[in-house]
Amino acid sequence: EDLFDDRGMGFGESRFYSLDEAELDQNGELLYALWQYWVHSRDEALLHEHWDRIKAVAGLPLRPEFWVEKAQMVQSTRDIRERDYERHGLEPGFDLGHQLWVTVGLASAADMAEAVGENDT
């Protein structure tokens, strides 16, 4: 409840990130962790109780700021900036970790959506 806000943005470094600082991989990792818990516990009450926040966490990487339709990938400046600011600047890029975890997270969220009757979502 406290580590992701209503937008689906994660908390880190004692604050919620701005859109240009989004670590999209953590969204996917959280969704996958929730999915693992649900698969092993079948605690659908947790999914129902927190569905709005889960949906926001899943939806954040699909916002126009991140989703590149033509490439079918997400882009971000966060990991590019952390690696080598002087060389890479702040231009958005495609980070492999973001692609992997967003994909895994969205697949997990799709399973959970079906479990709570949100098939359209």
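Here are some worked exercises on the structure above.

The model is a predicted one, in which local features need pLDDT of at least 70 and side-chain atom pairs count only at pLDDT 80 or more, while totals for chains, interfaces and linings use all residues. Residues are numbered from 1 along each chain as its sequence is written, and side-chain values use heavy atoms, with hydrogens and water left out.

**Exercise 1. Work out how the elements of the protein run from the N terminus on.**

Step 1: Count them up. There are 5 helices and 4 strands. These are DSSP runs numbered from the N terminus, where a helix is H or I over at least four residues and a strand is E over at least two.

Step 2: From the N terminus on, you get β-β-α-α-α-β-β-α-α.

Step 3: Of the 121 residues, 36% count as buried, where buried means under 20% relative accessible area, exposed over 50%, and partly exposed in between (1.4 Å probe, protein chains only). Now take the contacts with a separation of 6 or more: 57% of them come from residues 24 or more positions apart. A contact here means heavy atoms within 4.5 Å.

**Exercise 2. Find which residues of the largest nonpolar core touch the most other members.**

Step 1: A nonpolar core is a set of buried Ala, Val, Leu, Ile, Met, Phe, Trp, Tyr and Cys residues joined through side-chain atoms within 4.5 Å.

Step 2: The largest core has 13 residues, and Leu31, Leu47, Trp51, Ile54 and Met112 touch the most other members.

Step 3: Ask where the members come from. α1 (24-41), α3 (51-59) and α5 (96-115) each supply at least two residues of this core, and α3 gives the most, with 4.

Step 4: Zoom in on Met112. Setting aside neighbours within four places in sequence, Met112 is in contact with Leu31, Leu34, Trp35, Trp38, Leu47, Trp51 and Ile54.

**Exercise 3. List the buried residues of α3 and say what they pack against.**

Step 1: The buried ones are Trp51, Ile54, Ala56, Val57 and Ala58.

Step 2: Their packing partners are α1, α2 (44-49) and α5.

Step 3: Recall some helix geometry. An α-helix has 3.6 residues a turn, so residues three or four places apart point the same way.

**Exercise 4. Describe the lining of the largest pocket.**

Step 1: Set up the grid. On a 1 Å grid over the protein atoms alone, a pocket is an open set of points where a 1.4 Å probe fits, with protein on both sides within 12 Å along at least five of seven lines; lining residues have an atom within 4 Å of a point.

Step 2: Get the volume. About 220 Å³ of space lies in the largest pocket, taken as the space filled by probe spheres set on the points, with grid points joined across faces, edges and corners.

Step 3: Read off the lining. Among the residues are Glu1, Asp2, Phe4, His50, Arg53 and Val57. α1 and α3 are the elements that give two or more residues, and α3 has the largest share, with 3.

Step 4: Sort by type. The lining divides into 7 nonpolar, 1 polar and 3 charged residues.

**Exercise 5. Locate the 3 salt bridges.**

Step 1: Apply the cut-off. A salt bridge is a side-chain nitrogen of Lys or Arg within 4 Å of a carboxyl oxygen of Asp or Glu.

Step 2: Take Arg7 and Asp5, which meet at 2.8 Å, N to O. Arg7 is partly exposed at 36%, whereas Asp5 counts as buried at 14%.

Step 3: Next, Asp6 pairs with Arg53, the closest N and O atoms being 2.7 Å apart. This pair links distant parts of the chain, 47 residues apart: Asp6 sits in the segment before β1 (11-12), and Arg53 in helix α3. Asp6 is exposed, because its relative accessibility is 64%.

Step 4: Finish with Arg63 and Glu65, whose closest N and O atoms are 2.7 Å apart.

Note on methods: Ala, Val, Leu, Ile, Met, Phe, Trp, Tyr, Cys and Pro count as nonpolar, Asp, Glu, Lys and Arg as charged, and the others, Gly among them, as polar.
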